[in-house]
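Visitor: I'd like to be walked through this one, please. Take me through the labels and tell me what each rests on.

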Amino acid sequence: MTTPLVELDDVSKYYGNIRALEGVSLEVNAGEISCVLGDNGAGKSTLIKIVAGLHRHDAGTFRIEGEEVTLANPRDALDRGIATVYQDLAVVPLMPVWRNFFLGSEPTKGRGPLKRLDVELMRTTTREALLRMGIDLRDVDQPIGTLSGGERQCVAIARAVHFGAKVLVLDEPTAALGVKQSGVVLKYVAAARDEGLGVVLITHNPHHAYLVGDRFVLLKRGVMAASHTKDSVTLDELTRQMAGGSELEDLRHELERPTGA
């Protein structure tokens, strides 16, 4: 049995008296997509911040490749192979695609006063890395702000793969996208999985999750409401649980028109 790349066991997080997360477990394996589903306020953001090294968990166990850890900061997470792509993407819109691709990791050439950015290497590498993921951009010199939301997400995914991430955490990558662009992004999420990465897909859309997911964790008000593998749940059941399950059924009865009205 292979060791999970990332494993959270009964993890909790508190802010004073406020329970943000309690008793949540998550397993992320190489070549699999683990989906974390929940509405606003369910605890998805807190979970991301723990995995990404922004916040420390208060209880439970966090393991990376079998080793129990408490991450000090996001750089610590990145050094251990965990790359997080947030919804706002943190790109510089007016800079070209290749410049954003290498932002913070720019290669240089020359020495001393002649030291300068290796622009040609960055352009070529960006083009090749995108093509490897099946992304054929017209021009890597164009400002990244001119790309569609879906294309920017795809560049961020390709960047994480290129820089050697083992685990890719995606924060609502399809939230602001239409059906067609969402499909494009999900295709590249699957491509990252096929490269052997363990992917954590945070979403409130069970249809998107079920298309690509292998494991599903459902959060409600900071606690784990359900945990499923793909072969143990149907899309209809996942959607029902996500929508509120019995709570939704109670609401339906309340809203029904009285007979004879």
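Guide: Helices (H or I, at least four residues) and strands (E, at least two) are DSSP runs, numbered from the N terminus. D10, for one, lies in strand β1 (residues 6–15). This is a predicted model, where local features need pLDDT of at least 70, side-chain atom pairs count only at pLDDT 80 or more, and totals for chains, interfaces and linings use all residues. Residues are numbered from 1 along each chain as its sequence is written, and side-chain values use heavy atoms, with hydrogens and water left out.

Visitor: Why is D10 called partly exposed?

Guide: Buried means under 20% relative accessible area, exposed over 50%, and partly exposed in between (1.4 Å probe, protein chains only). D10 has 47% relative accessibility, so it counts as partly exposed. Its phi is near 60°, a positive value in a residue other than glycine.

Visitor: And what makes R221 exposed?

Guide: R221 has a relative accessible area of 58%, so exposed is the label. R221 lies in the loop between β11 (215–220) and β12 (223–229), and has a positive phi of about 50° although it is not a glycine.

Visitor: Why does H57 count as buried?

Guide: Its relative accessibility is 14%, so H57 goes down as buried. You'll find H57 in the loop between α1 (44–51) and β4 (59–64). Contact means heavy atoms within 4.5 Å. Leaving aside its neighbours within four places in sequence, H57 is in contact with V11, S12, K13, I50, F62, V69 and T70.

Visitor: What makes N29 buried?

Guide: N29 comes in at 8% relative accessibility, so buried it is. N29 is in the loop between β2 (18–28) and β3 (33–37). Setting aside neighbours within four places in sequence, its contacts are P4, L5, L197, G198 and R215.

Visitor: How do you know that C35 is too far from C154 for a bond?

Guide: A disulfide is a pair of cysteine sulfur atoms within 2.5 Å. The closest cysteine sulfur to that of C35 is in C154, 17 Å away, so that is too far for a bond. C154 is in no disulfide either, and the count comes to 0 disulfides. C35 has 0% relative accessibility, so it counts as buried; C154 has 1%, so it does too.

Visitor: How do you know that the span of helix α5 agrees with what it should be?

Guide: The expected span of a helix is 1.5 Å times one less than its number of residues. Helix α5 (residues 149–162) has 14 residues, so it should span 20 Å, and its end C-alpha atoms are 20 Å apart, which agrees. Just after α5, G164 takes a positive phi of about 85°.

Visitor: What do the buried residues of α5 pack against?

Guide: They pack against β6 (82–85), α3 (97–101), α4 (119–132), β9 (167–171) and α6 (179–194). Among those buried residues are V155, I157 and V161.

Visitor: How many residues does the largest nonpolar core have?

Guide: A nonpolar core is a set of buried Ala, Val, Leu, Ile, Met, Phe, Trp, Tyr and Cys residues joined through side-chain atoms within 4.5 Å. The largest has 47 residues, and L130 and L168 have the most contacts inside it. Helix α5 gives the most to this core, with 7 residues. A second, separate core of 26 residues includes I48, I82, V169 and V200.
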